[in-house]
Amino acid sequence: MNSISAAASAGTGSGSGTGTETGTGTGLSGERFPVRERFPVWKDKFSLVSSMIQRQDLAFVQVPMQTTVAFITHLRDLEGYAHLVFFTAIDYIEDGIFRLTYMLHNYRRHHDLGVQVDIPREDAGMESIHHLWPHGATYQRELKEMYGIDFPGSPGVDESFVLEGWHDIPPMRREFDTKEYSEKTYYPRPGRVTYDPTEYMKEKLYPSEAETW
Amino acid sequence: MVDVKQNSQRSKFPPVDAVTGKSRYNLLSGKYLKIWQGPQHPGITGNMSLELTVCGDEVIECKTHVGYLHRGFEKLMERRKYIQCFPLVCRICVPEPDFNEYLFAAGAEELAGIEVPEKALWYRTLTLEMARLASFLMWIGGQAGAFGMATIGQWTVTMRDYVLDLFEELSGGRIYHMYIIPGGVRSDLPAGYARRVEDTLVMIEKVLKDIDLAMMHNAVFKKRAVGLGVITPGMVDEYGITGPNARGSGIRRDIRKDLPYLVYDQLDFDIITEEGGDAYARTRVRMRETAQSIDLIRQMLRKMPAEGPFFRKLPNVLHWKVPTGQTYVQAECTRGEYGFFMVSDGTELPRRIYVRGPSYTHAVTLMERLAVHVNIADTAGLMVSLHTYPPEIER
């Protein structure tokens with residue numbers, strides 16, 4: 001468990017983790033599907049790192065990189081989580097990791113489960129899931145393009161998806177500065193004035209509230 | 001090189017090289033032709049394109065290309081305060097922006113532990129159903145137009161415009177409403193609004209009856225739509241298919257019923273399904289859901305509370321720090337499951353917001369599979385029958 005998760009479980013800090021222990025997030029009002037009972041089984045079989053119940057229909061679990069695809073296959077084939085809702089990444093640049101999130105849905109239980117795994121940012125790569133869901137290849141193609149995370153063997157993973165002729169660093173990485181890029185790429189046009197949004201709103205839109213600050 | 005006849009059995013993937021993803025059809029053989037349908041094409045749903053390889057009139061390979069409308073919403077939101085993200089999110093989907101507004105607000109409210117007044121829940125549901133109605137009306141026109149019945153498109157776009165009038169009266173905006181905001185909604189219903197909504201619904205109902213006769217019982221429409229782009233029940237989970245595309249294959253799934261949100265648990269409605277899984281079945285589902293949406297709006301106008309607050313005051317939104325946490329909120333939009341995955345690191349800026357649009361799977365992987373062996377003249381009809389919007393693919 002890294003510093004992010006530890007900070008999150010304590011309810012403080014700047015990162016967002018899934019917590020080191022099972023807890024309840026906002027909005028939990030009675031558990032419809034007792035997913036909590038599955039945690040010990042998953043921990044035993046797939047070395048679950050942490051778990052968190054966010055709502056009665058939503059939980060997050062974190063697993064090590066080595067058991068992730070086996071765990072997802074198990075969930076799909078044996079636990080009813082047959083629907084891959086989405087697959088994305090969160091960049092924790094300060095900890096040197098990407099947190100991959102596979103959101104799975106169980107239609108029988110009407111329950112969402114977010115399976116999360118931390119992978120190093122350097123030479124980022126992960127085992128592919130395109131053999132489980134064909135559209136997994138599309139998500140992986142996008143992750144390669146936007147974050148530079150490789151999925152060896154995934155069909156068309158090296159082809160551009162949204163960006164064409166992009167030669168800069170993958171743009172969804174935190175170090176990619178959109179403001180700097182736009183200033184560099186799109187020259188300033190005459191007559192354009194840039195305001196600091198906070199100051200502008202304070203002065204123009206909320207003058208009465210600003211007096212109370 | 002792959003022969004068309006040998007490839008007649010459909011596989012999970014188009015006949016591309018497993019490693020490079022490149023086509024295995026040799027264009028230099030003279031047997032095949034490559035045609036781009038889009039991004040400038042009346043038969044394409046928005047700013048995207050299909051790269052079609054045809055052998056005669058038959059499509060033997062399809063590749064979806066997106067990126068013509070990439071504005072980097074998710075990246076932009078990472079350097080904006082929550083309230084600054086709010087005017088961005090509605091722009092992710094033009095015909096149906098309200099779902100983005102609602103889901104962004106619902107996610108932020110859940111993370112921040114903010115409860116929304118009951119009246120606001122009703123108003124939110126009302127606007128979501130009005131958006132559904134407007135979106136379906138636009139879609140009906142698109143589907144009819146793709147099969148050469150452009151007149152029906154003129155009827156439905158006119159009716160959609162009347163719904164946009166209602167949105168304009170409610171929010172000041174015709175396309176982007178920015179009505180659902182974190183904490184509730186922006187304003188109360190104007191005086192006499194319910195009556196004007198009812199007048200519009202009566203007009204739309206009349207046109208829907210005409211459309212039913214002119215389109216659903218039209219021999220040409222039936223001939224072209226029946227058997228086109230068949231989605232089998234087994235494909236639904238395999239390809240992550242949701243919404244009317246799944247319900248057209250007899251799959252009883254609807255988030256409004258399965259995971260009720262807002263006030264849907266207080267409304268009387270059933271999940272609409274059809275058998276067949278083809279473009280015709282999907283059209284029937286959407287036609288029936290359009291009528292259902294009218295019924296839901298009427299129910300809400302009867303049941304919604306007249307008194308009470310419609311907004312809960314938030315902390316100073318310029319310094320609003322949302323507590324550390326993560327959540328996924330979802331809703332049933334016209335095209336299927338729409339969702340926002342939101343991660344907060346306890347600062348004033350969201351750490352990550354991921355937008356899950358149903359078109360992501362429907363327009364790319366599913367379309368690439370369904371288009372194979374379709375006549376090129378029916379590609380537009382197939383594309384529209386999946387009801388996709390590109391902005392939610394490239395966010």
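This is a predicted model: local features need pLDDT of at least 70, side-chain atom pairs count only at pLDDT 80 or more; totals for chains, interfaces and linings use all residues.
In chain A, an open sheet is built from five strands, arranged in the order E1-E2-E5-E4-E3 with mixed pairing. Strand E1 (50-55) and strand E3 (83-92) of chain A form its edges, and each of them pairs on one side only. From one strand to the next, the twist averages 20°.

E3(A) and E4(A) make a hairpin with four residues between the strands, where A:Gly96 takes a positive phi near 70°. Although E3(A) is an edge strand that pairs on one side only, E3(A) is mostly covered, with 10 of its 10 residues buried.

Helix H4 (residues 136-147) of chain A lies across E3 and E4 of chain A and runs at about 15° to E3(A). Helix H3 (residues 68-78) of chain A lies across E4 and strand E5 (111-120) of chain A, with an angle of about 170° to E5(A).

The contact between the chains involves 47 residues of chain B and 44 residues of chain A. On the side of chain B that touches chain A, two or more residues come from each of helix H1 (73-77), helix H3 (98-112), helix H8 (233-238), strand E6 (325-333), strand E7 (336-344), strand E8 (350-356) and helix H12 (359-370) of chain B. Of these elements, E7(B) gives the most, with five residues. Sorted by class, this side of chain B has 15 nonpolar, 18 polar and 14 charged residues.

The largest nonpolar core has 157 residues. Those with the most contacts inside this core are A:Leu104, B:Phe99, B:Leu103, B:Met130, B:Met367 and B:Ala371. Helix H4 (residues 118-146) of chain B gives the most to this core, contributing 17 residues. Domain 1 (1-68 + 358-395) and domain 2 (75-357) of chain B each supply at least three residues to the core. When residues up to four places away in sequence are not counted, B:Met367 touches B:Cys62, B:Thr64, B:His362, B:Met383 and B:Leu386.

The domain assignment divides chain B into domain 1 (1-68 + 358-395) and domain 2 (75-357). The C-alpha centres of these two domains of chain B lie 28 Å apart. Across their boundary, 24 residues of domain 1 of chain B are in contact with 30 residues of domain 2 of chain B. H12, helix H13 (379-385) and helix H14 (391-394) of chain B are the elements that give two or more residues to the side of domain 1 that touches domain 2. H12(B) gives the most to this side, with seven residues. By class, the side of domain 1 of chain B that touches domain 2 of chain B has 12 nonpolar, nine polar and three charged residues. H12(B) is also among the elements that give two or more residues to the side of chain B that touches chain A.

Methods. Residues are numbered from 1 along each chain as its sequence is written. Chains are lettered from A and ligands numbered from 1 in the order in which they are written. Two residues are in contact if their C-beta atoms, placed from the backbone, lie within 7 Å. Ala, Val, Leu, Ile, Met, Phe, Trp, Tyr, Cys and Pro count as nonpolar, Asp, Glu, Lys and Arg as charged, and the others, Gly among them, as polar. A nonpolar core is a set of buried Ala, Val, Leu, Ile, Met, Phe, Trp, Tyr and Cys residues joined through C-beta atoms within 7 Å. A residue is buried if 20 or more other C-beta atoms lie within 10 Å of its own, exposed if 12 or fewer, and partly exposed in between; C-beta atoms are placed from the backbone. Domain bounds come from an automatic or database domain assignment. Two strands pair if DSSP finds at least two bridges between them. Axes are lines fitted to C-alpha atoms, for helices over the stretch in contact, and angles run from 0 to 180 degrees between N-to-C directions.
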